[in-house]
Amino acid sequence: MSTARLNNSDFKAPEIVSTLFQRSLGVGLLFGVVSLVCAILPATREQFFRSYLLGFMLWLGAALGCMAFLMIQHLTGGKWGMVIRRQLEAGMKTLPLMAVLFIPIVFGMRYLYSGDGERHGWLNATKSDGHLYALSQMYLTHNGFIGRAIVYFIIWLAIAFFLSRMSARQDSPPLENLSPRFRTIAAPGLILYAFTISFAVIDWVMSTDPRWISTIYGFIFIVGECITALCLMVVIERILMNYEPMASMLKPKEVHDHGKLLLAFVMLWAYFSFSQLLIIWAGNLPTEITFFTRRLNSGWQTIALWLVLFHFAVPFIFLLSRSFKRDPRTLVRLAAWMIFMRFVDLFWYIEPNFHKGVFVSPLALLDIVVPVAIGGLWLAMFFRNLASRPLLPVYDLHAQEFLEYVGASHE
């Protein structure tokens, strides 16, 4: 297949993207209004901020997971990444929105980091709290919390800016190979991402229960973010494959590659999660085992069992099948389910810090309403970003090679 006459107009996003933007924005605004009312009302304000943290971490993970996969693709190459590269960039470019959406967490700090009614949190620790008080004076301080968050977002936004600016050059002539420059950004970028998100989840999530620690905690979230992003890409590519140009670009081999990547990250999530359980349980230290004693009792053990079965065992079995991974119609169903299970996993990490037992109350609906509101806004910005650029960087030398590849019949 000759690519000499192809240009950006051949790879314009289909009209369905604009439709999805409008629908996502509508859902985000509708649920956002309900969320805002709950944030204002004193009776629902506390639960609103807890639900907000849950939704924020889910969709921040989608944005950062896209950025991580984009950097991996630039470092390793591969046609699996070329077909979803512009989707990954669109997801990464939602980071400015997530930076703005972090502001409510700052205003809700006293509802998130002041303890559970029985024990003080780091925000209101006293001298009687011993080590926690010392920690709240040295590291977990109000200004330190905000200052570190600003640093994290500056680093993430800087990485996204340079990757996006370089990619924009490939929407116009001349044809050139910018892979070495992309690798120059992506190599240190992946390291910075791993460090910053590890510290960020310690600040924002782990510190809701500051009396325990886990050295593998950050890596569990990193893997979870990659699963979220990859599953979103599978869902989006399944929608777009009904339209050109994705119908011509997406082949069974690339779908198969995405399935294999999902299998690898599902196994990695299980490995990290089990390692955390094994090490903490074997150590049997009172300051550490409280994390699991709370989550394996009072109804939380049912959710833990769900995670074992439906975040690992069932997806693992299905993803072992080659034919399953090569069929986008079956893979997309699993991907959509895995996005839901990522929500359940975050729920299991966050909510037990505020409720001893599984939270059954009308207020619990906020754990759905608020994440949907954030997700609607995230997806609206995602589809707007996706519509603003061609679905393939036409003047990338490797994109030209990819077009030659998809022009041939292959299974």
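Why does tryptophan 378 count as buried? At 1% relative accessibility, tryptophan 378 counts as buried, because buried means under 20% relative accessible area, exposed means over 50%, and partly exposed lies in between, with a 1.4 Å probe and protein chains only. Before we go on, note that this is a predicted model, where local features need pLDDT of at least 70, side-chain atom pairs count only at pLDDT 80 or more, and totals for chains, interfaces and linings use all residues. Residues are numbered from 1 along each chain as its sequence is written, and side-chain values use heavy atoms, leaving out hydrogens and water.

Let's turn to the aromatic rings. The structure holds 42 aromatic pairs; rings of Phe, Tyr and Trp (its six-membered ring) pair if their centres lie within 6.5 Å, with planes under 30 degrees apart counted as stacked, over 60 as edge-to-face and the rest as tilted. Tryptophan 59 and tryptophan 378 form a tilted pair, 5.4 Å centre to centre with 35 degrees between the planes. Tryptophan 59 lies in helix H2 and tryptophan 378 in helix H18 (residues 366-387), so this pair ties together parts that are 319 residues apart in sequence. Helices here are DSSP runs (H or I, at least four residues), as are strands (E, at least two), numbered from the N terminus. Tryptophan 59 counts as buried too, at 11% relative accessibility.

Next comes a stacked pair: tyrosine 152 and tryptophan 156, 6.1 Å centre to centre, with 25 degrees between the planes. Both lie in helix H9 (residues 142-168), four residues apart, about one turn of the helix.
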